[in-house]
Amino acid sequence: MLASNNSMIGPVLALGGTAVMTAIWLAAPVTVPGGQQSEVSVIVALLAVHIATLAGAWLGLSRTSLTVSQRRTTWLAISIPLTLWHGAAWAIVANGLLLPGAIPIPLLALMIVVPTVVVIFLVTRSKRIGVLLDAMPVNWLVGFQVYRVIGGVFLINWWVGNTPGIFAVPAGTGDVITGLLPLPTAIMLANGRPGSGRSALVWNFIGISDLVLAVMLGALTSPGPLQHLAFDHPNLLTGSYPTAIIPAFTVPTSLVLHALSLRQLRRRSRRTTAQAEGRVRLFQGS
């Protein structure tokens, strides 16, 4: 995780480094023999993000004033549902239940909307989550979403002809842009640069817009009652293993992280405003 003190790495260097690593990761499936059919990179990336999420939650809790028992209970309350949610999504995708015609209900849409609404409702009203957000440096939740470059896999599949461009180009490009910006923005927040809070808000709205656009285009290009585009080359990737785990689990998880980041930024802004008003009253009373 990024520290909350001044960083020796500048935003431009962070952006350049992220861009280089992303280019290498995206180029590997195309340049390595057999890489286009390999599922390893996506699987490893998804598992790494899950583990990092749980580790980040524990590290954040370790900064709170909660007792060890309270930290453990809170961490389990986060990690167990998250792991069950991820495991259920993985099993559904692996068993082909998101493939066109597998079941009569729009399961993928339900997997995106229902957990997102329920989890955001719960976490934004949890006092323990509020304590965690107050103790956690505000740049963590921003910088962590560098994993969004994983969505660049849609561009690779479009490049090799597996996915229609009308979905893959906007969705993949949006994911890569969203994933390139977190580290520079997080460093600006850590260094307390003027306008860094506003930049973080803008990045959050860019990330949310990217997810909404990707979900909409995925529905419009995939076989089913909502398909209105790409009839000559339908989007089958969003239902196939393991890529379908991205919309089934990573998309709603990212929306929750955006909601938490926005809540944290709002709480910090309120504290800063209250402290400034307190200093003004103290000065006027002296």
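Q: What does Ser 196 touch, not counting residues up to four places away in sequence?

A: Ser 196 touches Met 188 and Leu 189, where contact means heavy atoms within 4.5 Å. This is a predicted model: local features need pLDDT of at least 70, side-chain atom pairs count only at pLDDT 80 or more, and totals for chains, interfaces and linings use all residues. Residues are numbered from 1 along each chain as its sequence is written, and side-chain values use heavy atoms, with hydrogens and water left out.

Q: Where is Ser 196 placed? And does it count as buried or exposed?

A: Ser 196 is in helix 10. Helices (H or I, at least four residues) and strands (E, at least two) are DSSP runs, numbered from the N terminus. Ser 196 counts as buried because its relative accessibility is 4%. Buried means under 20% relative accessible area, exposed over 50%, and partly exposed in between, with a 1.4 Å probe and protein chains only.

Q: How many residues of helix 9 are buried?

A: Seven of its nine residues are buried, so helix 9 is mostly covered. Among them are Pro 182, Pro 184, Ile 187 and Leu 189. Just after helix 9, Gly 192 takes a positive phi of about 65 degrees.

Q: And helix 8: what covers its buried residues?

A: The cover includes helix 1 (11–31), helix 7 (153–159), helix 9 (182–190) and helix 10. The buried residues of helix 8 include Phe 167, Asp 175, Val 176 and Leu 180.

Q: How far apart are the end C-alpha atoms of helix 8?

A: They are 21 Å apart, which agrees with the 22 Å that its 16 residues should span at 1.5 Å a residue. The expected span is 1.5 Å times one less than the number of residues.

Q: Change of topic. Which residues touch the most other members of the largest nonpolar core?

A: Leu 98, Met 111, Phe 154 and Leu 260, out of 43 residues in that core. A nonpolar core is a set of buried Ala, Val, Leu, Ile, Met, Phe, Trp, Tyr and Cys residues joined through side-chain atoms within 4.5 Å.

Q: What is Leu 260 in contact with, leaving aside neighbours within four places in sequence?

A: Leu 260 is in contact with Val 123, Ile 129, Leu 133 and Leu 141. There is also a second, separate core of six residues, and it includes Val 138, Leu 189, Ala 200 and Trp 203.

Q: Pockets next. How much space lies in the largest one?

A: About 750 Å³. On a 1 Å grid over the protein atoms alone, a pocket is an open set of points with protein on both sides within 12 Å along at least five of seven lines, a cavity is a set where a 1.4 Å probe fits but cannot get out, and lining residues have an atom within 4 Å of a point. Grid points are joined across faces, edges and corners, and the volume is the space filled by probe spheres set on them.

Q: Which residues lie nearest the centre of the largest pocket?

A: Leu 108, Ala 109, Ala 219, Ser 222 and Thr 238, from a lining of 42 residues. By class, that lining has 30 nonpolar, ten polar and two charged residues. Ala, Val, Leu, Ile, Met, Phe, Trp, Tyr, Cys and Pro count as nonpolar, Asp, Glu, Lys and Arg as charged, and the others, Gly among them, as polar.

Q: What is the volume of the second largest pocket?

A: About 630 Å³. Of its 26 lining residues, Ile 78, Val 123, Ile 129, Val 256 and Leu 260 are the closest to its centre. Helix 3 gives the most to this lining, with six residues.

Q: How many cavities of 30 Å³ or more does a search of the whole structure find?

A: One. The volume of the largest cavity is about 70 Å³. Its lining includes His 50, His 86, Tyr 147 and Phe 249, and helix 2 supplies the largest share, four residues. The lining divides into five nonpolar, five polar and no charged residues.

Q: Last one, the backbone. What kind of peptide bond joins Tyr 241 and Pro 242?

A: A cis bond, with omega about 0 degrees. Pro 242 is in the loop between helix 10 and helix 11.

Q: And where does Ala 230 lie?

A: Ala 230 lies in the loop between helix 10 and helix 11. Ala 230 has a positive phi of about 55 degrees although it is not a glycine. Most residues other than glycine have a negative phi, and most peptide bonds are trans. At 15% relative accessibility, Ala 230 counts as buried.
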